[in-house]
Amino acid sequence: MLLLIDSIYLRPVNESEKMSGIYIHVPFCKQECHYCDFYKTTLLGQRPAYLQALMKEIDLQTPRFAMSKLETIYWGGGTPSLIDPVNLGKVLNRLETAYGFEKDIEITLEVNPDDVNRDFLKAIRSEGFNRLSMGVQSFDRTILRQLNRRHNPEQALHAVELAHAVGFDNISIDFIYGIPGLSNEQWEADMNRACSLPVSHISAYHLTIEEGTPFGKWHREGRLKEIPEEQSILQYEILCQILQKAGYEQYEISNFAKDGLISRHNTSYWQGKKYLGLGPSAHSYDGEKRCWNVSDLHRYTQALMQEEKWFECEQLSTDDRYNEYLLTHLRTQWDCDLDWISNELGKSYEDYLLNQIQIQGLQEYFSLTQRKLALKRAYWFISDAILSRIFKV
């Protein structure tokens, strides 16, 4: 029962616990991509049970955040476009009843290009979705097969054009670079083609070979080799140069936007705002604790139907908060606010940060203007190696 879940449900919400957004994880895929380590399942017949449990989770979470109006909702996956628009709309209606929506709420749906048709797009617009995030990954047929994507280049191009034609003016498309076999010329062609499309946002991520994926298995067996570091750097430079020339502003290491149409939902993560995660494997953050739902659809649905605990939490230490603040701010256009560190974490953390930069000989990588510490953009791509030297460990 609720007493077994967590004491947070037994106390009223206060002003400081207001959250900015909700992430909803949809775990269903028709087929699994070779690179993806997000929680997913191909058991599409479990969608009704998932939706029932998702509604139950909303009901159980509402007392904690009942005073909050939502600024953003992001449906990720998995493949959210495998949920029919009517059911997507029912969940949105439940959320609006539970929390209320800000007038300018951003509601994003991740879609696969081959799920897109005119009727589907019109239907999700009528349900309230005003932003699309489309997993294109590449316009090269061979690369798409290597990734085990189920669309082809023509479907991706048609899906973007169709979405724009039915009225979506906030479209994001995702790409992956650093893929073995992806030449610099192919990557340049992908970016030039992307810039020719009616999209306001482009995300591009360097391939990470993850354990538990086919790519991870092939890497262990020696069948898949990571590309040389110098090629990774060159492809990142190609990305930045082409998108900047086309009018896209880089506001985070992997994200570029036109006309100020940044991803407001993802930006809330980087700015340390509170958010709630719904669905199996989804994460939540309340400023002090990070919680994560069980990464198992059966256990998730069973626990919620029986009102048993379906998540775990960890209390973040001050060191954790310091590390996360650096990680989420120093690779964005918002930089690092030394006043925030000093006021929220303590003056000793500001002193530690500035001392580490000196001790580690990292001065050339940073700039400091009016108490704002920035990692120079030329070094964003190698930020992991730099930041590890100023973290608290």
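Let me start with what I mean by a pocket. On a 1 Å grid over the protein atoms alone, a pocket is an open set of points with protein on both sides within 12 Å along at least five of seven lines, whereas a cavity is a set of points where a 1.4 Å probe fits but cannot get out; lining residues have an atom within 4 Å of a point.

This is a predicted model, in which local features need pLDDT of at least 70 and side-chain atom pairs count only at pLDDT 80 or more, while totals for chains, interfaces and linings use all residues. Residues are numbered from 1 along each chain as its sequence is written, and side-chain values use heavy atoms, with hydrogens and water left out.

Now the second largest pocket. Its volume is about 300 Å³, a volume being the space filled by probe spheres set on the points, with grid points joined across faces, edges and corners. Which part of the chain gives the most to its lining? That is helix H9, residues 229–245, with five residues. Helices here are DSSP runs of H or I with at least four residues, and strands are runs of E with at least two, both numbered from the N terminus. The lining includes Ile 233, Tyr 236, Arg 377 and Phe 381. By type, the lining has eight nonpolar, two polar and two charged residues. Nonpolar covers Ala, Val, Leu, Ile, Met, Phe, Trp, Tyr, Cys and Pro; charged covers Asp, Glu, Lys and Arg; the others, Gly among them, are polar.

Next, the protein as a whole. It has 15 helices and 15 strands. Its radius of gyration is 21 Å, close to the 21 Å that the globule rule gives for 393 residues, so it is as compact as a globular protein of that length. The radius is taken over C-alpha atoms, and the rule is 2.2 Å times the number of residues to the power 0.38. Of the 393 residues, 53% count as buried; buried means under 20% relative accessible area, exposed over 50%, and partly exposed in between, with a 1.4 Å probe and protein chains only.

Finally, single residues. Gln 137 sits in strand S4, residues 131–137, and is buried, with a relative accessible area of 8%. Its phi is near 70°, a positive value in a residue other than glycine. Beyond its neighbours within four places in sequence, Gln 137 is in contact (heavy atoms within 4.5 Å) with residues including Tyr 35, Arg 149 and Asp 174.

Gln 370 also has a positive phi, near 50°. Is Gln 370 buried or exposed? It is exposed, with a relative accessible area of 74%, and it lies in the loop between strands S14 (366–369) and S15 (372–375).

Lys 274, in the loop between helix H10 (264–270) and strand S9 (275–278), counts as partly exposed at 21% relative accessibility.

Last, a cis peptide bond joins Gly 77 and Gly 78, with omega about 15°. Gly 78 is in the loop between strand S2 (70–77) and helix H3 (85–99).
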